Amino acid sequence: MTIRVIIVDDQAMVRAGFAALLAAQSDIDVVGEAPDGRQGVEVARSTHPDVVLMDVRMPEMDGLAAAREILDPPAGVVHRPKVLMLTTFDVDDYVYEALRAGASGFLLKDAPPADLIAAVRVVAAGDALLAPSVTKRLIADFAASRPAPRADRAALRLNGLTPRETEVLELIARGLSNQEIADHLVLAEQTVKTHIGRVLAKLDLRDRAQAVIFAYESGLVTPGAP
């Protein structure tokens, strides 16, 4: 199945470069572009992409506001694509907020071309793009520096998980891949995927990115803890 992608970035050369790279892949089709967040929302609504590549900082409407509109559409709009944030910085307040809003992850603009292509495929498949070397640090840094007003409510939601599901959620938040979690818990990788699916369903979370945010905000994982 072909992955439909739109690119939202205020730099024309960036859009053109990403479009050429992605369009060269047999399983990816670039169906639209936009120079700012406001137009990005309009293009997303009209083209129904599977993945939106969204720059963080743009005029008119930044990527965070645009991601919120796309991921929390008004009544009557049923299509909700995956949103992959693009950023120049590896630690960016806007990216953290975008993850909380439901974005499926983020990618540095200077990442190798192969990483961009892989990121689109990962996000389109329903997984979150969580590179432990960057995303884990970003989430931990901001979770440590800001209050979590919903911590008590989030902690109550944890009570609905089994001990094994809670353990899996903690390992996700620490940046482990499915295979690493399987090795750590001596389980089959498919069993880990089943546990993750149940965790997301019970906590009403969209994907792995939101699971990490939830784990920190609920207090299940403390930044800097081993």
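Residues are numbered from 1 along each chain as its sequence is written, and side-chain values use heavy atoms, with hydrogens and water left out. Because the model is predicted, local features need pLDDT of at least 70 and side-chain atom pairs count only at pLDDT 80 or more, while totals for chains, interfaces and linings use all residues.

Student: In what order do the 5 strands of the open sheet stand?

Tutor: Strands (E, at least two residues) and helices (H or I, at least four) are DSSP runs numbered from the N terminus. Two strands pair if DSSP finds at least two bridges between them. The pairing in this sheet is parallel, and the order is 2-1-3-4-5.

Student: Which strands are the edge strands?

Tutor: An edge strand pairs on one side only. Strand 1 and strand 2 pair over 6 bridges, and 3 bridges join strand 4 (residues 82–87) to strand 5. The edge strands are strand 2 (28–34) and strand 5 (106–108).

Student: Which residue stands opposite Ile7 in strand 2?

Tutor: Strand 1 and strand 2 run in the parallel sense. The residue opposite Ile7 is Glu33.

Student: How many of the 6 residues of strand 1 are buried?

Tutor: Buried means under 20% relative accessible area, exposed over 50%, and partly exposed in between (1.4 Å probe, protein chains only). Strand 1 is largely enclosed by the rest of the structure, because its count of buried residues is 5.

Student: At roughly what angle do the axes of helix 1 and helix 5 cross?

Tutor: Axes are lines fitted to C-alpha atoms, for helices over the stretch in contact, and angles run from 0 to 180 degrees between N-to-C directions. The axes of helix 1 (residues 12–23) and helix 5 come within 10 Å, and the crossing angle is roughly 70°. Helix 1 is therefore roughly perpendicular to helix 5, since angles of 65 to 115 degrees are so described, under 35 being roughly parallel, over 145 roughly antiparallel and the rest oblique. The value asked for is roughly 70°.

Student: Which residues of helix 5 make the contact with helix 1?

Tutor: Contact means heavy atoms within 4.5 Å. Helix 1 contributes Phe18, Leu21 and Leu22. On the side of helix 5 the residues are Pro113, Leu116, Ile117 and Val120.

Student: Is His195 buried or exposed?

Tutor: His195 is found in helix 10 (residues 189–203). Leaving aside its neighbours within four places in sequence, His195 is in contact with Arg164, Glu165, Val168 and Leu187. Because its relative accessibility is 12%, His195 counts as buried.
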